[in-house]
Amino acid sequence: MMDGQVQMWSEEFEKLIFRMTTPSVKIENGVCPSTTIVKIDSARKHGILLEAIQVLTDLNLSIQKAYISSDGRWYMDVFHVTDLNGQKLTDESVISYMEQALGSIHCMRKGSGRHTGMTALELTGTDRIGLLSEVFAVLADLQCNVVDAKVWTNNGRIASLIYVKDSDSGCQIEDSKRIGKIESILRPVLKGDNDIRSAKTSVSMAVTHSERRLHQMMDADRDYERRSDVGISGSDTPIVTVQNWALRRYSVVNVQCKDRTKLLFDIVCMLTDMQYIVFHATVNTDAGVAYLEFLIRHTDGTPISVDVEMQRVIHCIQAAIERRDPRGATLELCTKDRPSLLATVTRTFRENGLNITSAEISTSSSYIAHNIFHVTDAEGRIPSHKTIENIREKIGFDNLKVKDPPTSCHNNSRPKKPRPHVMLLSLGSIVRKNLYNLGLIKSYS
């Protein structure tokens with residue numbers, strides 16, 4: 001009898017633990033006329049908010065609004081999402097995947113199985129015209145086939161995460177001597193003539209989300225430090241403010257910038273890796289402009305205490321937003337993969353004076369290369385139509401096409417400076433507003 005009771009209690013305890021640690025996910029299409037609503041209730045754990053946002057952004061969903069609130073040790077989050085065309089989600093397979101993925105974020109792996117069996121090269125250095133052409137040429141000479149890659153640039157610095165296989169065998173490169181040779185040849189290529197910082201090349205064994213890893217690499221390279229010789233348009237610089245709400249012991253971060261996909265991921269990624277916890281947040285978008293507000297503390301429960309730290313938070317968030325901000329014309333390459341393809345294409349860009357500001361390289365299982373490049377001329381402007389057409393002629397008009405930028409990139413409205421008194425008035429109501437939007441109270445007025 002006693003053994004039966006113990007077993008029953010054990011089973012009930014396991015059910016309780018499962019309910020406490022497994023997020024509750026609800027996806028609704030009938031509440032809002034223009035967006036799909038995703039509601040998540042989960043135990044508060046450092047990094048779990050980022051993992052939830054990562055699921056949404058990896059599906060290329062656009063987050064139009066969001067309300068994030070932490071009650072004790074529990075997160076209650078609401079996201080209003082659409083696809084990239086601004087439409088509600090109707091594909092049942094996508095909705096089912098979201099429910100499954102969001103329901104298991106407490107035990108998610110940090111990386112992607114897509115890159116299993118590949119060697120990951122992490123490169124940081126001084127950005128310049130033709131740099132990627134040299135990097136891809138070196139890798140081709142060393143019999144490294146580039147399967148996937150992501151490249152970001154910001155403030156004169158470049159970071160790239162390149163996944164390669166051996167060109168002959170198609171297997172992962174594991175020989176330490178060969179890896180050492182690859183690193184030693186690439187390092188001087190990445191280091192500029194007048195570079196006071198060290199270029200870095202390394203092979204990553206850790207399994208981390210690629211875009212989160214790129215943020216970490218650029219932050220470690222201190223790309224958030226402004227350079228006097230790199231022109232930055234004041235109208236495009238994100239407006240970020242940080243103030244302390246002494247009554248509630250929160251630091252309040254306000255962000256106003258051009259809206260784009262994955263914006264919320266980039267900001268929360270930076271805050272998470274800087275060891276801050278987001279307790280409450282609101283996200284709103286209007287006419288191509290995003291307005292975000294975060295109530296944060298350190299992981300030890302304390303707010304930001306010194307002005308120097310506030311300034312670093314401001315600069316790091318601005319850098320996190322600018323890294324992914326598309327600059328220049330968007331060129332899409334789609335063709336059958338072949339040895340030295342990237343070296344040839346990027347050399348053509350260099351010979352025509354184009355600088356690659358960001359790139360996303362991918363290869364399908366059927367060996368089709370699908371690559372996206374954002375390019376500018378030497379002055380950082382959109383290249384002329386003649387230059388682009390000359391490049392397309394050399395690479396192939398059917399292979400290289402000019403891709404229209406997202407709608408938000410067409411919006412030329414300049415974000416207005418936030419009025420301090422308006423922001424201060426919002427501090428006292430943000431928690432009540434979040435609870436109202438989560439459906440936990442009837443009014444926040």
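Which residues of helix 5 are buried? Before we get there, a word on what you're looking at: this is a predicted model, where local features need pLDDT of at least 70, side-chain atom pairs count only at pLDDT 80 or more, and totals for chains, interfaces and linings use all residues. Residues are numbered from 1 along each chain as its sequence is written, and side-chain values use heavy atoms, leaving out hydrogens and water.

Now to the helix. Helices (H or I, at least four residues) and strands (E, at least two) are DSSP runs, numbered from the N terminus. The buried residues of helix 5 are Ile 179, Ile 182, Glu 183, Leu 186, Val 189 and Leu 190. They cover an arc of only 125 degrees around the axis, so they sit on the same side of helix 5; the arc is that of the directions from the helix axis to the C-beta atoms. Buried means under 20% relative accessible area, exposed over 50%, and partly exposed in between (1.4 Å probe, protein chains only). Over on the other side of helix 5, you'll find Lys 177 and Pro 188 exposed.

What do those buried residues pack against? Their partners are strand 5 (119–126), helix 4 (131–141), strand 6 (144–154) and strand 8 (200–204). Contact here means heavy atoms within 4.5 Å.

Next, hop to Ser 210, which lies in helix 6 (residues 210–220). Ser 210 counts as buried because its relative accessibility is 12%. Setting aside neighbours within four places in sequence, Ser 210 is in contact with His 115, Lys 150, Leu 161 and Tyr 163.

Finally, the cysteines. Cys 32 is buried at 15% relative accessible area, while Cys 171 is partly exposed at 42%.
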